[in-house]
Amino acid sequence: MKAAAAVVVPGDRSPATPAWRVETISDFNSFLDAEAAWNDVVEAAGIDHPFLSHEWVRTWWESFGAGKELHILVVKAGGEPVAIAPLMRSVGWMYGVRVRRLQFISNDHTPRCDFIIARRAGDAYRAIWRALSREQGLWDVLELNQLQAGSRSLDELSRLAARDGFRIGLWRSAESPYVPLVGTWESYLKGLRSHHRANLRNRLKRLSRLGQVELEVVAPDERLGSALEAGLRLEAAAWKGEAGTAIRCHPAVHAFYTRLAERAARRGWLRLSFMAIGDRRIAFSYSLCYRNRLYLLKIGYDPEYAQYSPFNLLCDGVLRKAFAEGLAECDFMGTKDKWKLEWTRETRPHYWLFLFPNAMGPRLIHWAKFQLVPRLQRHRLYLSLRDTVLRARGRTNGLTPPDRRTSGDGAGSQVATARPLIGGGEAP
């Protein structure tokens, strides 16, 4: 671990108060050594999802970290970690300009991200920002993606950056549907649209004529490997395999979900669920159960049974089981596809926050991203070209159920059209 200079936060100048220090983890072995302390901070921060756990971040880095550099900031008070900024550095291109990015350790397979703040949030954010601003000559854009609406990071980082003259941009990203598991299964079911309930009954009745329909939840035992591969075959069986977007189509993605399954199983988080007709599995979900909440990451189904909507029937079984277990919530993740909104109207917006140092190159990138490009995107010619490209790709804009759609993602992928909300140097 590489230590930066001690940061003493204003208001903490009494001799009895320990100095605040920001240290930087830039090598993998130091990151591994920090596992226990990292998860202690996650626990103290009360984070209710697994996407900031050491297990998740480690698995992500082992699978997708090639060509990037760890730049994790650990804020300590009196030698004890109180906050973590899970960041990495990379080099890429934006509008033909080479840029040095400082960003969360994440990509499209990370549904949600943030800073990990265990206590004294205001002081912790100031310490993190001081460390970042002192290094502004080393990065052209600070990219904080998939911040959940209501995250204090949105306000704190924007305010601190605006005070110091940085340029700010905010994009609205995916709205992720979720089901609050309140009351009983019966009362929840009655609240769904009558047409949706009728479809479920009719399709289950028709499917039952072919054999016994059962929900199978695989225990994290010696069957894990074979069950996961069976699920991934289902995930690739329909449009994802044809489009080349299935997990099995990409070695890094396959490695990520395989390693994650093994580690999540050891922690008791993993849920591999199948809908089976007789001895044939026809629908699949890959979920994590964390802090009494179920997170649906990936789904699949057998296209031969598409007429029965097997994944919707699986959802019925998974939600019914979640109510019976007393879980607090089922999060569908990803975007608000129409099939998800058959199960809930509750969604969580997410945002991407971009901060640019007040130098010529970063200012130009900020102007292009948040002023020039949005103007071009409103132009009639651009809209016509975009629609032509989308039609050529056969996209459905996520408006059909997962059992019948031809593109897009079924659950947790965060690919969405981001909309610029703020394009100047002012905080939101």
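Is E325 buried, partly exposed or exposed? At 34% relative accessibility, E325 counts as partly exposed, on a scale where buried means under 20% relative accessible area, exposed means over 50%, and partly exposed covers what is in between (1.4 Å probe, protein chains only). The model is a predicted one, so to speak of local features a pLDDT of at least 70 is needed, while side-chain atom pairs count only at pLDDT 80 or more and totals for chains, interfaces and linings use all residues. Residues are numbered from 1 along each chain as its sequence is written, and side-chain values use heavy atoms, with hydrogens and water left out.

Taking the whole chain to begin with, the protein has 14 helices and 17 strands. These are DSSP runs numbered from the N terminus, with helices being H or I over at least four residues and strands being E over at least two. Of the 428 residues, 53% count as buried. The accessible surface comes to about 19,000 Å², and carbon and sulfur atoms own 50% of it; the areas come from the Shrake-Rupley method with a 1.4 Å probe, and for residues only the protein chains shown count as cover.

E325 forms a salt bridge with R271, and the closest N and O atoms are 3.0 Å apart. The term stands for a side-chain nitrogen of Lys or Arg within 4 Å of a carboxyl oxygen of Asp or Glu. By this rule the count comes to 28 salt bridges. E325 sits in helix 11 (residues 310–325) and R271 in strand 12 (residues 270–277), so this pair ties together parts that are 54 residues apart in sequence.

Another salt bridge joins the side chains of D302 and R280, at 2.8 Å from N to O. D302 is buried at 8% relative accessibility, whereas R280 is partly exposed at 34%. For K340 and D337, the side chains meet in a salt bridge at 3.8 Å, N to O. Both ends are tucked away by the accessibility rule: K340 is buried with a relative accessible area of 0%, and D337 is buried at 5%. Salt bridges also link R112, E329, D331 and R348 in a network.

R348 turns up again over an aromatic ring. Its charged end sits over the ring of Y178, 3.8 Å from the centre. The rule here asks for NZ of Lys or CZ of Arg within 6 Å of the ring centre and within 35 degrees of the ring normal. R281 likewise lies over the face of F274, at 4.1 Å from the ring centre.

R281 and F274 both touch V218 as well. V218 is found in strand 11 (residues 213–218) and is buried, with a relative accessible area of 5%. Leaving aside neighbours within four places in sequence, V218 is in contact with R223, A227, L272, F274 and R281. The C-alpha atoms of V218 and S273 are separated by 6.3 Å, although the two residues are 55 apart along the chain.

Then there are the rings themselves. A search of the whole structure finds 27 aromatic pairs. The rings of W60 and W61 have their centres 6.4 Å apart and their planes at 35 degrees, so the pair is tilted. Rings of Phe, Tyr and Trp (its six-membered ring) pair if their centres lie within 6.5 Å, with planes under 30 degrees apart counted as stacked, over 60 as edge-to-face and the rest as tilted. W60 is buried at 1% relative accessible area, and W61 is buried at 13%. F115 and Y125 make an edge-to-face pair, 6.2 Å centre to centre with 85 degrees between the planes. F115 lies in the loop between strand 7 (97–104) and strand 8 (116–117) and Y125 in helix 4 (residues 121–134), so the pair ties together parts that are 10 residues apart in sequence. F115 is buried at 4%, and Y125 is buried at 4%. Ring pairs also link F51, W56, W60, W61, F64, F256, Y257, Y286 and Y295 into a cluster.

Key. Contact means heavy atoms within 4.5 Å.
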